[in-house]
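Here are some friendly notes to read alongside the model. I have kept them as numbered points so that you can check each one in your viewer.

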Amino acid sequence: MSEILPECRSWGGLVARNAEIVAAEPWIAAPSQHRTPALAYGNGRSYGDSCLNDGGTLILGRSLDRILAFDRVSGLLTCEAGVLLDDVLKLTVQAGWFPPVTPGTAFVTIAGALANDVHGKNHHRAGTFGRHVRAFELIRSDGSRLTCAPDLNGELFAATIGGFGLTGLITQVTLQLMPVTSAEMQQEVLHFDGLDRFFAIAAESDASHDYTVAWIDSLASGARLGRGVFFRANHAMGGDAPLARSKRPLPFPIKPPIPLINGMTLRAFNALYRAAQPSSPEPRRIPYRPFFYPLDRVANWNRAYGPKGLRQFQCAVPTAHARTTVEEMLRRTLAAGEASFLTVLKLFGDLPSPGLMSFPITGATLTLDFPNRGARTEALLAELDRITIEAGGRVNPYKDARMSPATFEASFPDWRDFARHIDPGFSSSFWRRVTAG
């Protein structure tokens, strides 16, 4: 039995409208009995509308939540699509295995990581999530059940990795994990004063460290423009430290009627954040969760952006234009009077994904988060889109809520090749928007 649940929403605050909500099992049993088009909905951690399907059916993938097999010798894991990365970590880290690629939250489903072909702080070493997927099961709207692997239904395998969930319902995934000897990270923290120093540190660090990322003070201007804190780490070697227990997230206490993110609060936060980071670059052993998932410590932290939610922008820009493009974006953001709470900068490597629509390209990626202030925010984001495309880059569709069809096509000019593999019974609010006309 299905029901209308209008509170299915994206992490950015977009709400599903007039969508039929159905658990995965009844849809699998009788796809034709439900409204079309259909789309899988995981744990609602997508920022934009790629997880929404206004007027169609949303299939609740979280009901597929079993880990089916875990080989502690080879590190091969098979699980159902709705298993959270957090659940995988709880099982595998203590056995000496770690996800080869992880995004910035552990509260994503494994199928969502595949459908978005997520990347992490180690893209320069491991590429995207899809590079480590060995096989998955896909159910199409005609009821057919397909096993997809590089050598079995290979075209559909490539289309589904990073395919926005549009090729059918992923029901289970086989993933190759990576061995680790400790649940800790060996981290170094380096303060830098501008973008030139960032790019120098990043190039040096990518050669010696598996994980690299920088936080940028988006309100710094003048000679301090682009200042920030660089984090680099490797998995620590085995030691006597016990596995840190996973703490229950602290609740965000209120639903504020206005955004709590503004110039004044962000200036105070930035000063406190910089001051809280170690002033010495000496290596320190820390648990893996604070390094990979610092925001998971606060449940529903997106409420801080107010009732209209947030808009996240992420671009990838080729190496040749990365330095000047990032500077221009930071300057435009300052000039627009917007405050980006989470401003993240890192370098992508040159490891290609098997996915047809994977986002990363060799170069730099900049991520900015803004409270949704309507037309004012939309105008800035459109300007950032323009800067990205003129630099030969692309805008991340998996985090988007408003890019134009022209920006999407400029970012992914071969999208029609991917579209040939879309299940005719599947669609999304995002896909209809960016392919309109």
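**Notes on the model**

1. Asn153 is partly exposed, at a relative accessible area of 35% (buried is under 20%, exposed over 50% and partly exposed in between, with a 1.4 Å probe and protein chains only). Asn153 sits in the loop that links strand E9 (145-148) to helix H5 (154-160). Its phi is near 55°, a positive value in a residue other than glycine.

2. Before going on, please bear in mind that this is a predicted model, in which local features need pLDDT of at least 70 and side-chain atom pairs count only at pLDDT 80 or more, while totals for chains, interfaces and linings use all residues. Residues are numbered from 1 along each chain as its sequence is written, and side-chain values use heavy atoms, with hydrogens and water left out.

3. Asn300 also deserves a look: phi is about 55°, positive although Asn300 is not a glycine. Its place is the loop between strand E17 (298-299) and strand E18 (310-318), and Asn300 is partly exposed, with a relative accessible area of 33%. As background, most residues other than glycine have a negative phi, and most peptide bonds are trans.

4. Which peptide bond is cis? The one from Thr36 to Pro37, with omega near 0°. Pro37 belongs to the loop between helix H1 (24-29) and strand E3 (38-41).

5. For the overall picture, the chain has 13 helices and 21 strands (DSSP runs numbered from the N terminus: helices are H or I with at least four residues, strands E with at least two). The radius of gyration is 21 Å, close to the 22 Å from the globule rule for 437 residues, so the chain is as compact as a globular protein of that length (the radius is taken over C-alpha atoms, and the rule is 2.2 Å times the number of residues to the power 0.38). The C-alpha trace spans about 60 × 55 × 45 Å along its principal axes. Buried residues account for 57% of the 437. Of the contacts between residues at least 6 apart in sequence, 73% join residues at least 24 apart (contact means heavy atoms within 4.5 Å).

6. Helix H6 (residues 195-206) packs with helix H9 (residues 319-335) at about 135°, their axes 10 Å apart (axes are lines fitted to C-alpha atoms, for helices over the stretch in contact, and angles run from 0 to 180 degrees between N-to-C directions). That makes H6 oblique to H9 (under 35 degrees is roughly parallel, over 145 roughly antiparallel, 65 to 115 roughly perpendicular and the rest oblique). On the H6 side, Leu195, Asp196 and Phe199 meet Ala322, Arg323, Val326, Glu327 and Leu330 of H9. These contact residues divide into 5 nonpolar, no polar and 3 charged (Ala, Val, Leu, Ile, Met, Phe, Trp, Tyr, Cys and Pro count as nonpolar, Asp, Glu, Lys and Arg as charged, and the others, Gly among them, as polar).

7. H9 also packs with helix H10 (residues 375-390), at about 165° and with axes 10 Å apart. That makes H9 roughly antiparallel to H10. Here Thr325, Glu328, Met329, Arg332 and Thr333 of H9 meet Leu380, Glu383, Leu384, Arg386, Ile387 and Thr388 of H10. The contact residues divide into 4 nonpolar, 3 polar and 4 charged.

8. From Leu175, Thr324 is 149 residues away in sequence and 38 Å away in space, C-alpha to C-alpha.
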